Amino acid sequence: MTGIDEARTCSALSRELGEALIGTAPVARTWVAIEQPGPWGRDALTGSHLDPEVGTALQRWADGTGVKVVLVRRPGRHPDHEGRHAVLIAHAAPAASWLRLLTVDAPSAVLTLDAAALAAGVIPATGITLPGGTALVCTNGRRDRCCAVRGRQLALELADTDPDLVWE
């Protein structure tokens, strides 16, 4: 392990207490996941190498719409990069789910989309539909210690199988 007492992690304690092991991920019907390599703090939108003003604007853009904005990156090393950013938009309604991939020059480009329409299940006209599944794995140990302990290893193992389908 990484120096973290495995017996005291949140999932170990939850298992000991008989709690559900569904994790601490937020619940949302529509997700906007923006690629942003580099380190993240507890609140990735405002505590990462993403411009904090853009992070705050993205939070305001989504507020009250039912859209949850998160940052993602590919598993492995996380150097900052220049260039385009992938944006995954997922709507997870029973019998009406979809997943789109857009590529943008800057994360602020997401602000031009209609958050209320996305929340209502309207598929954006830009991007491409992704068939099959995509795995988003929590690895942010500042948000949840178990994500660092178990999530990082899970993301790396999944990426060994199909790196194009896995995001941290």
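Which residue of β3 is the bridge partner of alanine 33? In this predicted model, the partner is leucine 88. Strand β1, residues 30–35, pairs with β3 in the antiparallel sense, over 5 bridges. Both strands belong to an open sheet of 5 strands, ordered β2-β1-β3-β4-β5 with mixed pairing. At the edges of this sheet stand β2 (67–72) and β5 (128–129); each has a single partner strand, so one side of each is left without a neighbour in the sheet. Helix α2, residues 52–62, lies across β1 and β2 and runs at about 150° to β2.

Histidine 85 has a relative accessibility of 8%, and because buried means under 20%, histidine 85 counts as buried. Although 50 residues separate histidine 85 from glutamate 35 in sequence, their C-alpha atoms are 5.3 Å apart in space. The side chain of histidine 85 also reaches the backbone oxygen of glutamate 35, at 2.7 Å. Beyond residues up to four places away in sequence, histidine 85 touches Glu35 and Gln36, as well as Leu102, Thr103, Val104, Asp105, Ala106 and Pro107.

Finally, there is helix α4 to consider. Its 17 residues (145–161) should span 24 Å at 1.5 Å a residue, and this agrees with the 25 Å between its end C-alpha atoms. Helix α4 bends by about 40° at glycine 151.

Key. Residues numbered from 1 in each chain as written. Predicted model: local features only at pLDDT ≥ 70, side-chain atom pairs only at ≥ 80, totals over all residues. Heavy atoms only, no water. Helix = DSSP H or I, 4+ residues; strand = E, 2+ residues; numbered from the N terminus. Expected span 1.5 Å × (residues − 1). Bend = angle between axes of the 7 residues up to and from the residue. Buried < 20%, exposed > 50% of the residue type's maximum accessible area, 1.4 Å probe, protein only. Contact = heavy atoms within 4.5 Å. Polar contact = N/O pair within 3.5 Å; in protein donor to acceptor, adjacent residues only side chain to side chain. Pairing = 2+ DSSP bridges. Axes fitted to C-alpha atoms, helices over the stretch in contact; angles between N-to-C directions.
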